[in-house]
Amino acid sequence: MKGTAAKGLKRNKGRLHIRCRRCGSASYHKIKSVCSTCGYGNSSKLRRYNWHKKTVTKKRIVSKIKRHVSRRKGNTFKL
Ligand SMILES: [Zn+2]
């Protein structure tokens with residue numbers, strides 16, 4: 001929202017993060033429209049850092065995304 005919101009609006013009725021379309025975790029920010037787990041909305045590549053071992057070795061997320069991508073053909077997606 002623009003400007004300083006009223007205090008009641010700041011909380012956004014409890015849920016700021018909803019389920020992500022790409023990785024399935026509930027870390028998709030409603031307002032920013034960016035996923036904090038896989039980076040969906042920010043980039044077509046998967047959000048990962050070398051200092052974070054879990055995401056580097058996390059195969060579950062990668063396989064989930066691949067499944068999602070394979071459903072839509074003609075999608076240009078890189079990991
Ligand atoms: Zn995600």
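The questions and answers below concern a predicted model of a single chain.

Q: Which element of the chain has the lowest mean pLDDT, and which the highest?
A: In this predicted model, the mean pLDDT of the chain is 74, and 54% of the residues reach 70 or more. Taken element by element, the lowest mean, 60, belongs to helix α1 (residues 7–10), while the highest, 89, belongs to β2.

Q: In what order do the elements of the chain run from the N terminus on?
A: The chain holds 3 helices and 2 strands. Read from the N terminus on, these elements follow the order α-β-β-α-α.

Q: Which residues form the largest nonpolar core?
A: Buried residues account for 10% of the 79 residues in the chain. In soluble globular proteins, nonpolar side chains tend to be buried together. Here the largest nonpolar core has 6 residues, namely Cys-20, Cys-23, Tyr-28, Cys-35, Cys-38 and Tyr-40.

Q: Which residues does Cys-35 touch, not counting residues up to four places away in sequence?
A: Cys-35 is one of the residues of the largest nonpolar core, which also includes Cys-20, Cys-23, Tyr-28 and Tyr-40. Leaving aside residues up to four places away in sequence, Cys-35 touches Cys-20, Arg-22, Cys-23, Ser-27, Tyr-28, Tyr-40 and Gly-41.

Q: Is Ser-27 exposed, partly exposed or buried?
A: Ser-27 is placed in the loop between β1 (17–18) and β2, and touches His-17, Cys-20, Cys-35, Ser-36 and Thr-37 when residues up to four places away in sequence are not counted. A residue is buried if 20 or more other C-beta atoms lie within 10 Å of its own and exposed if 12 or fewer. Because Ser-27 has 17 C-beta neighbours inside 10 Å, Ser-27 counts as partly exposed.

Q: How many Å apart in space are Leu-46 and Cys-23, C-alpha to C-alpha?
A: Leu-46 lies in the loop between β2 and α2 and, with 19 other C-beta atoms within 10 Å, is partly exposed. Although Leu-46 and Cys-23 are 23 residues apart in sequence, their C-alpha to C-alpha separation in space is 9.6 Å.

Q: What is the phi of Ser-33, and is the value positive or negative?
A: Ser-33 sits in the loop between β2 (28–29) and α2 (53–57), and counts as exposed because 10 C-beta neighbours fall inside 10 Å. Most residues other than glycine have a negative phi. For Ser-33, a residue other than glycine, phi is instead positive, near 55 degrees.

Note on methods:
Residues numbered from 1 in each chain as written. Predicted model: local features only at pLDDT ≥ 70, side-chain atom pairs only at ≥ 80, totals over all residues. Helix = DSSP H or I, 4+ residues; strand = E, 2+ residues; numbered from the N terminus. pLDDT = per-residue confidence, 0-100. Contact = placed C-beta atoms within 7 Å. Core = buried A, V, L, I, M, F, W, Y, C linked by C-beta atoms within 7 Å.
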